[in-house]
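These are my notebook entries on a structure that is new to me. I record what I looked up, entry by entry.

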Amino acid sequence: MSVTITREAGVGIITLANPPVNALNTALRAALLAAVRALEADPGVRALVIWGGAGCFVAGADIGEMSRPPEAPFLPELTAAIEVCAKPVVAALGGAALGGGCELALACDLRLAAPGALIGLTETRLGLIPGAGGTQRLARLVGEAKAIEMICNSQVLAAADAQALGLIDDLIASDLLAAAIARAPETPKRRVSALTPPPSSPAPAIAAALKRARGVPAIAEAVRVIAAANGPFGEGLALEREAFLRLRASPEAAALRHLFFAEREAAKVPGLAGIKPRPVARAAVIGAGTMGAGIAAALLAAGLPVTLIERDAPAAQAGAARVSALLRAPGAALSATTDWSSLSQADLIIEAAFEDLAVKQDIFRQLDRHAKQGAVLATNTSYLDLAAIAAATSRPADVLGLHFFAPAQIMKLLELVRLPTTAPDVLATGLALAKRLGKQPVVAGNAEGFIGNRVYAAYRRHAEYLLADGALPEQVDEALEAHGFALGIFAVSDISGLDIAFALRRQRDATRDPAERYVTIPDQLVALGRLGRKTSAGWYRYTPDGQRHPDPYVAGLIAQSRTTPAQSFTPEAIWRRLLAIMANEGARLLAEGIAQRASDIDVAFVNGYGFPRAKGGPMWAADAHGLPALLDELRAAHEPPAPLLTLLAQTNKRLSAWRQDGDTP
């Protein structure tokens with residue numbers, strides 16, 4: 001049973017039971033609607049309480065149902081039945097009331113919550129807007145401006161903050177259900193739909209929301225529909241429902257649903273069922289530069305004591321200061337030292353030294369002497385051969401790649417790189433660490449660049465080819481930004497520094513295929529001291545206020561370097577070309593077994609490289625665009641198509657569904 005009914009002191013108690021989060025699937029909606037109507041018709045019942053159990057309420061809709069045609073009863077029918085019920089209805093929020101769960105609570109006459117409860121309308125994360133009166137009721141409680149801010153940002157409020165706004169009436173420190181039962185009979189009917197929105201000035205909130213929309217139509221629709229709360233409730237409700245159903249069928253919503261499931265699937269690794277992670281009570285980080293300090297800050301923020309190891313005392317002190325600055329407070333659980341013997345206390349050791357194989361191998365030799373048995377030995381390398389690093393220690397089973405993304409204390413992606421020798425419980429420890437840090441894990445095999453940097457290198461290389469063939473940096477960036485990237489690839493290069501990519505190219509010089517096309521323009525910029533934002537000039541020039549501007553000097557340099565007549569590229573042609581390159585490199589990773597599944601590549605590129613969420617990732621977007629068309633783009637770019645991409649295009653199968661664990665499309 002998804003719903004049970006009990007009665008106590010004239011109060012009908014509806015308990016929801018659809019574990020783990022009481023998702024509002026068809027069965028739960030039907031049972032809840034029937035319970036509300038049965039208790040309304042029961043003369044012995046004076047009031048109703050809707051209760052999700054201790055630590056729970058309703059954490060939203062059943063996302064899996066959204067890819068199928070809607071089934072009755074629909075959520076608006078349920079919220080309407082609660083609001084028009086002649087008897088008072090109390091929502092007892094023991095935990096998360098999100099999305100449809102929040103709409104359910106807003107339809108009630110009184111909302112009581114445990115201190116740990118959460119509330120919010122989070123539908124725009126999935127390319128939707130609330131569809132059961134949420135836009136109209138929220139605006140009537142908090143005003144148009146605040147409703148726009150909350151809905152467009154998918155804000156989740158803690159119970160105390162929600163109470164301050166009037167979304168929750170009271171916080172109940174203990175025995176929430178008993179309090180709800182006691183107060184329900186004395187609660188007057190208080191229909192939110194009858195309220196007038198409090199005055200507000202929505203213009204700044206509208207401007208901020210539309211600026212952050214990044215190709216998600218739901219944001220503009222939310223702004224439009226929320227404004228209708230200033231008129232009759234019924235009209236606003238009809239407008240909301242029409243927009244919700246239209247958005248539900250949109251390609252953006254489908255892409256975001258894909259990512260919703262892909263991000264959860266990425267943490268699942270075949271063969272790890274029943275494998276327990278090793279306990280991690282203390283961590284150590286070797287190297288306290290920008291990346292090492294960020295990693296240490298992330299570990300400390302997750303409650304792990306951290307020891308920083310540096311080459312000398314001044315570097316150790318500087319590293320500790322760097323970490324404290326990131327945390328904006330001295331880290332009581334942080335120690336910085338040059339004493340390698342202190343590593344004997346660490347359960348997890350992360351090497352974050354300079355990206356040089358010899359340096360990293362020397363560190364791992366020392367770990368053999370100083371790390372305790374059973375400690376996980378991790379490296380943060382971005383490109384280097386993990387097997388060569390692991391070979392420097394006598395315990396390769398303990399070695400794992402933990403590739404953080406800068407800034408490590410902020411960026412969500414964490415690439416876990418495993419070797420055939422990596423022990424299953426070491427990989428399980430990495431996955432548990434990602435969860436503890438609030439990171440999105442993606443598991444990769446050992447190859448240069450792993451998943452993310454391997455695809456990014458191909459993407460960047462072909463962006464440079466576009467320059468050599470006739471495009472300008474600003475044209476490439478504008479095409480990417482028009483398709484939802486926050487920044488184009490050349491603007492990103494200026495932020496990270498052209499010298500970083502230059503150093504990586506020099507590392508590859510000895511192994512680069514002599515037949516590979518090589519564009520010298522970025523090398524010329526580095527030779528001129530144009531390293532990006534830090535020198536106020538790179539692909540762009542930068543004014544003192546940090547604004548970027550196309551640079552005629554760079555355009556001239558590019559023109560001089562061309563050996564063939566310049567071609568003309570439309571923004572759409574640029575987008576198609578670079579999407580084809582990303583998808584093709586992803587297909588190679590799948591064929592080589594470096595990526596477990598195509599959706600992992602989507603997760604990596606969305607969470608680590610700024611690929612627009614509303615397009616689902618490069619593999620999903622490739623399917624949406626059509627694989628045969630992308631094969632044409634590859635031929636135009638003189639790039640050999642990956643056999644897997646060709647096969648799927650010929651068999652009319654989806655690239656984004658391809659998996660390594662036997663469940664292939």
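**Entry 1: the sheet of eight strands.** In what order do the eight strands of the open sheet lie? I worked throughout from a predicted model. I read the order as β12-β11-β10-β13-β14-β15-β16-β17, with mixed pairing. I noted β12 (334-337) and β17 (440-444) as the edge strands, each pairing on one side only. From one strand to the next, I found an average twist of 25°.

Strand β11 (residues 306-309) pairs with β12 in the parallel sense, over four bridges. Within this pairing, I found Ser335 of β12 as the bridge partner of Thr307. I also noted a helix packed on this sheet: α14 (residues 357-370) touches β10 (283-286), β13 (348-351), β14 (376-379) and β15 (399-404). The direction of α14 makes about 170° with that of β14.

**Entry 2: the sheet of six strands.** I next turned to an open sheet of six strands, again with mixed pairing, in the order β1-β2-β3-β4-β6-β9. Here β1 (3-8) and β9 (170-171) stand at the edges; each has a single partner strand, so one side of each is left without a neighbour in the sheet. The partner I examined for β1 was β2 (residues 11-16): the two run antiparallel and are joined by six bridges. I recorded Leu16 in β2 as the bridge partner of Val3. Helix α7 (residues 176-183) lies across β1, β2, β3 (47-51), β4 (89-93), β6 (110-113) and β9. I noted that α7 runs at about 155° to β6.

**Entry 3: a pair of helices.** How do the axes of α24 and α25 cross? I found that the axes of α24 (residues 598-609) and α25 (residues 618-625) come within 7 Å and cross at roughly 115°. The two helices are therefore roughly perpendicular to each other. On the α24 side, I listed Ala598, Ile601, Asp602 and Phe605, which meet Pro618, Met619 and Trp620 in α25. By class, this contact has six nonpolar residues, one charged and no polar.

**Entry 4: aromatic rings.** Phe605 and Tyr609 both lie in α24, four residues apart, about one turn of the helix. Their rings form a stacked pair, 4.7 Å centre to centre with 15° between the planes. I found both Phe605 and Tyr609 buried. The structure holds twelve aromatic pairs.

Notes. Residues are numbered from 1 along each chain as its sequence is written. This is a predicted model: local features need pLDDT of at least 70, side-chain atom pairs count only at pLDDT 80 or more; totals for chains, interfaces and linings use all residues. Side-chain values use heavy atoms; hydrogens and water are left out. Two strands pair if DSSP finds at least two bridges between them. Contact means heavy atoms within 4.5 Å. Axes are lines fitted to C-alpha atoms, for helices over the stretch in contact, and angles run from 0 to 180 degrees between N-to-C directions. Angles under 35 degrees count as roughly parallel, over 145 as roughly antiparallel, 65 to 115 as roughly perpendicular and the rest as oblique. Ala, Val, Leu, Ile, Met, Phe, Trp, Tyr, Cys and Pro count as nonpolar, Asp, Glu, Lys and Arg as charged, and the others, Gly among them, as polar. Rings of Phe, Tyr and Trp (its six-membered ring) pair if their centres lie within 6.5 Å; planes under 30 degrees apart count as stacked, over 60 as edge-to-face and the rest as tilted. Buried means under 20% relative accessible area, exposed over 50%, partly exposed in between (1.4 Å probe, protein chains only).
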